[in-house]
Amino acid sequence: MGTWDSGPFDNDTAADWCGDFNDADVAKRPMLVREALSRAAGEAGYLDADVACEAVAAAAIVAAQRPGGPAITSSYAPDFLLDGGRLDLPDDLVPLAARALDRIMAADSEWHFLWQDAAGPTNPAFNLVHDLRKVLTAR
């Protein structure tokens with residue numbers, strides 16, 4: 001996996017997923033978010049880093065649509081969101097995104113292992129996931 005920073009879109013897998021997401025028909029975008037989150041949340045075995053990277057990107061998109069959610073500013077994010085576009089996402093994607101992030105942070109996640117191994121005393125990737133989860137679970 002080519003990774004250049006700890007943001008949700010700052011790796012080859014997430015950037016590719018965002019490109020496909022951006023190019024998808026508007027009506028299919030919620031389904032693409034659901035698929036990315038469901039693949040990660042539903043994985044019973046060892047979670048592949050590519051699946052996790054797509055789910056982190058999808059969770060960041062869900063979180064950005066929430067009140068007070070983080071703005072999407074990465075140049076690797078979907079262009080229509082960078083231009084101020086919004087998505088009409090079903091409410092059930094919010095808890096699904098939180099479950100996907102929990103799964104990504106589990107011990108049997110390649111993404112977790114790689115970031116745990118790569119990070120020093122502070123872990124910006126783990127902090128990102130925790131911050132996204134906080135937005136997703138806020139009342």
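Which residues have the most contacts inside the largest nonpolar core? They are W17, L37, V62, I104 and W111, in a core of 46 residues, where a nonpolar core is a set of buried Ala, Val, Leu, Ile, Met, Phe, Trp, Tyr and Cys residues joined through side-chain atoms within 4.5 Å, and buried means under 20% relative accessible area, exposed over 50% and partly exposed in between (1.4 Å probe, protein chains only). The largest share of this core, twelve residues, is supplied by α3. The model is predicted, so that local features need pLDDT of at least 70 and side-chain atom pairs count only at pLDDT 80 or more, while totals for chains, interfaces and linings use all residues. Residues are numbered from 1 along each chain as its sequence is written, and side-chain values use heavy atoms, with hydrogens and water left out.

W17 and F21 are both buried, and they stand four residues apart in helix α1 (residues 12–23), separated by about one helical turn. Their ring centres lie 5.0 Å apart with the planes at 15°, so the pair is stacked, given that rings of Phe, Tyr and Trp (its six-membered ring) pair if their centres lie within 6.5 Å, with planes under 30 degrees apart counted as stacked, over 60 as edge-to-face and the rest as tilted. Together with F80, W17 and F21 form one aromatic cluster.

R29 lies over the face of F80, 3.7 Å from the ring centre, the criterion being NZ of Lys or CZ of Arg within 6 Å of the centre and within 35 degrees of the ring normal. Elsewhere, F113 is partly exposed, at a relative accessible area of 47%.

Conventions. Helix = DSSP H or I, 4+ residues; strand = E, 2+ residues; numbered from the N terminus.
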